[in-house]
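Here is a short tour for someone new to reading protein structures. Keep the 3D view open and turn it as you go.

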Amino acid sequence: MGYQIQAAGSTRQKRLVLGLSAAILLSGMGLAQQRGGTLTVGLGYDIDTLNVYSTGFLGDVQAAVVEGLVAPNEKAEYVPVLATRVPTVQNGGIKVAADNKSMVVTYQLRPGVKWSDGKPFTSADVKFTWETVKDPKFIAESKDGTEDIASIQTPNDLTVVVNYKRVAPDFKSTLFTFGILPKHTLEGKDLNTDNYNQMPLGTGPFKVSQFVKGQYVVLDRNPYYWRKDKAGVQLPYLDKMIFKIIPDSNTLVTQLKSGEIQMAYSVPYSQIAQLDNQPGLNVVKNPVLSWQHLDFNLKGPAPLRDINVRKAMAHALDRTTISKALGGYPIPIDTVVVPVFSYSNKNVPKYPYDPAKARQLLDAAGYKVGSDGIRAKNGQRLSFNIMAQAGRSTDEDAQQVIIAQMKAIGIELKPDNKAGVALRDARYKGGYDLYYGGWITSADPSYSVFFGSKGVNNGQGYSNPKIDALLATADSSLDPAVRTKALRDFQTTLMQDLPSIPVTSNPSMIVVTDKLGGFVPNPTNMTNFVNTSGWYLKK
Amino acid sequence: MSLSYIFKRLLGMVPLLLGVSLILFGVLHLAPGGPLDVYADNPSVTQEALDNMKRAFGLDQPLPVQYFKWVTAFFQGEWGFSIRTAQPVMEEVLARVPATLMLSGSAFVLALIVALPLGILSATRRYTVVDYFITLLSFLGISTPVFWLALMLQLLFAVQWKLLPSAGMQTIGDGSLPDILRHLALPMFILAFASVAGWSRYMRSSMVEILSQDYIRTARAKGVSSRRVTYSHAFRNALIPVVTVVALDSAAILSGAVITETIFAWPGLGRLFIDSMNGRDYPVLMALLMVGSFALVVSNLVADLAYSLIDPRIRYD
């Protein structure tokens, strides 16, 4: 599953919770880690709610408070958190029905885990989470995975048996990875308006002690946290974490420089240079699971349905120049599956930078250069609008480069940028000609939402039955070999059709105090705060 | 000026605000997208769930019905729930009012205290070094973009000299008055700077015009001291056009300073407005716009009343 990248850091998807193990291993190695201290983090968006299921943003604060059963780590691999292992077919945690139409997933829960109010965590909480999120009365931002589950049994306090209606290989990236709700405090309450939304109760390393709207959230150490480091020291190391809300990215950088905050992520590329040599600060490059793309609205102007026009534009696009314009951080890509994934296909049809070839293609297709320098055929000029997210400087810079590169082959692009709801309205209802933007996905993405004929994120009007079939196979098989083949073939077909030009994979820049130890960035949509228990401040 | 006049004016505000609310409601709903579009990115929100939400928020009703319901509820003090945070709108707005009042209010007072004397000084010392210097400063103030000035001052005061915090309203865990004042200093100064620049120009030109009038010359000829002429004869008359400008600007105290609040991470109404706008949070937006309109109408009334206080010849019946 994936979602659109929004304003810096405010990606509309949130999934998963605690990543952990690597940080624990690291922190267990030395004796250097100090207990105590406060880490102040700057957030570039105004928090709407602290309920992971209702928020419109990534759950940064929530990830330090609420845990799920499993979570992706820094390599985008799922590791156990509140469960003792990640269920797989091999370890018997997943049993697929003989007719291959349903599956049963069994979780063994970690014993001795307590909520931060001291009450025990049990299988009843897991079942309660599903029932509550599924309830139509609960207005949730994300109900991912609830519809796939037919029933849940809890034979004892530490066993959860989940009966799925279909074979769902993406089950890990939904519901229980997201976070578990406490039954003992929420039963019978209206979760839409309950105080849980301001003061969520979780099993994570920290608990919310203060949430001042529009200003900050203070997290205190959870005294009942279940995890200890290798030396037997009770985690987390930090006493407090403070999340300060600072909507302006210039101010965020200023606060880093003045020492008022010690950490910020998704710092715009244009501002990295002035922080690179700042004493006391480290710049960390986090290769997130995202890709930037130039989409064609195939329900839009007729020339965009001409494959020669799309191919010409792909050849006219110089990814290296775009990367350079953005500080050299973005990595040029040739397929929509980012290189991190093993099933990324290196042998897809490619469209290297070659403006001469682009011109040839357009000439052959009958688009002649007019007196104004713009090509036209039968009176139809190759002049389109190009939409990007207003205010997202990285995308707007890239957009300028694209406009210049297309002009060089006689195609006119006019910027038509939108923000917030207006952008989404245009994206999903086809109110654009071309769109430049990005997607970030979970560790277990499903591409049918973007490129399937009925994909909810497919606002392009793109439809190819072959793609639909390949993606259906990928979405319903637990066999890695079958999935890999289907996804590789999908990439080949997609690049032949070219409904969207993959441009770059943009890493996220994290700036953090050099005193912070145990910090491991997370490339998934689970945010960097999935493994805070092993973080410590050097004295 | 009579009480019945004020009463009549207040009564006249009701149809005016109703008309304004109708226009605002219409314009907001004409803008592309709606609050539920935030769910468009989410593949797992089913059509059924969306329909449920539509019903829950009353978005499935025809627009005139929605407007009528909103108006009746609003005038009963029932401002509904924020679609973005699910909290009561009244609570959301009231939570931001103190911060906005503190920032815009103090900047307003500061600007007034500085702008009027500067304008007078500039007018009485016309074409001297003092006048040119004040004029230069005014033009700097009018033409300097807020965000640039803010950035420079943040760098200077917070990063270089470490004298003041660069943003936020309080040190977490502190929040005492001196602490809040330290946080207030930079945004207040920046907000006041632009107003001072504008208002002192108005004051200057109004004063210059009055000082060239016959009655001022007559007063001088009769031997009235220069100070008395300036402050007693000219100042009061010169104030009238300035009051109009200042009063209209004062409505902004309640609307919040969007740019300044964003740059300084100040949790006021301006920032709430931007966040609500991006999410098309109709209930919060309507409440904020109505509060702003109300402030504007009231400041108009206050300006009219101020005229008659300054100049007894102006009367309202």
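What follows is a walk through a few features of this model, which is a predicted one.

## A sheet in chain A

Start with chain A, where seven strands line up as an open sheet in the order E9-E10-E11-E2-E12-E24-E13. The pairing in this sheet is mixed. As background, strands of a sheet pair through backbone hydrogen bonds, and they can do so either parallel or antiparallel.

Which strands stand at the edges? They are E9 (206-212) and E13 (281-286) of chain A, and each has a single partner strand, so one side of each is left without a neighbour in the sheet. For a look at one pairing, go to E10 (residues 216-221) and E11 (residues 240-245) of chain A: these two run antiparallel and are joined by five bridges. Within that pair, Val218(A) sits opposite Ile242(A) in E11(A).

## Annotated stretches in chain B

Now hop over to chain B. An unreviewed UniProt entry carries the annotation "transmembrane region" for residues 12-31, 99-121, 133-160, 180-199, 238-264 and 284-307 of this chain.

What do two of these stretches look like in the model? Residues 238-264 of chain B are 85% helix and 0% strand, and their end C-alpha atoms lie 36 Å apart. Residues 284-307 of chain B are 100% helix, again with 0% strand, and here the end C-alpha atoms are 35 Å apart.

## Salt bridges

How many salt bridges turn up over all chains? A search of the whole structure gives 21. One of them is between Arg375(A) and Asp363(A), whose closest N and O atoms are 2.7 Å apart. Arg375(A) belongs to strand E17 (residues 375-377) and Asp363(A) to helix H10 (residues 355-364), both in chain A, so this pair ties together parts that are 12 residues apart in sequence. Arg375(A) is buried, with 3% relative accessible area, while Asp363(A) is partly exposed at 40%.

In chain B, the side chains of Asp131(B) and Arg204(B) form a salt bridge at 2.9 Å, N to O. This one links distant parts of the chain, 73 residues apart: Asp131(B) is in helix H5 (residues 129-143) and Arg204(B) is in helix H7 (residues 177-211). Are these two residues buried or exposed? Asp131(B) has 1% relative accessibility and counts as buried, and Arg204(B), at 13%, counts as buried too.

Next come Asp214(B) and Arg217(B), which meet in a salt bridge of 2.7 Å, N to O. Both lie in helix H8 (residues 214-221) of chain B, three residues apart, and that is about one turn of the helix. Asp214(B) is exposed, with a relative accessible area of 54%, and Arg217(B) counts as exposed at 54% as well. Elsewhere, salt bridges with shared partners join Asp46(A), Arg96(B) and Arg271(B) into one network.

Last stop: the surface of chain B. Here Phe147(B), Trp148(B), Met152(B), Val258(B), Ile259(B) and Ile274(B) make up a nonpolar patch of about 530 Å². Helices H6 (146-160) and H11 (258-263) of chain B each supply at least two of its residues.

Which helix gives the most to the patch? That is H6(B), with three residues. Trp148(B) has its place in helix H6 of chain B, and at 42% relative accessibility Trp148(B) counts as partly exposed.

How values were computed
Residues are numbered from 1 along each chain as its sequence is written. Chains are lettered from A and ligands numbered from 1 in the order in which they are written. This is a predicted model: local features need pLDDT of at least 70, side-chain atom pairs count only at pLDDT 80 or more; totals for chains, interfaces and linings use all residues. Side-chain values use heavy atoms; hydrogens and water are left out. Two strands pair if DSSP finds at least two bridges between them. Helices (H or I, at least four residues) and strands (E, at least two) are DSSP runs, numbered from the N terminus. UniProt positions are given in the numbering used here, feature names are shortened, and annotations may be inferred rather than shown by experiment. A salt bridge is a side-chain nitrogen of Lys or Arg within 4 Å of a carboxyl oxygen of Asp or Glu. Buried means under 20% relative accessible area, exposed over 50%, partly exposed in between (1.4 Å probe, protein chains only). Patches are made of residues with over 30% relative accessible area and no salt bridge: like charges are joined within 9 Å, nonpolar side chains (Val, Leu, Ile, Met, Phe, Trp, Tyr) within 5 Å. Accessible areas come from the Shrake-Rupley method with a 1.4 Å probe; for residues, only the protein chains shown count as cover.
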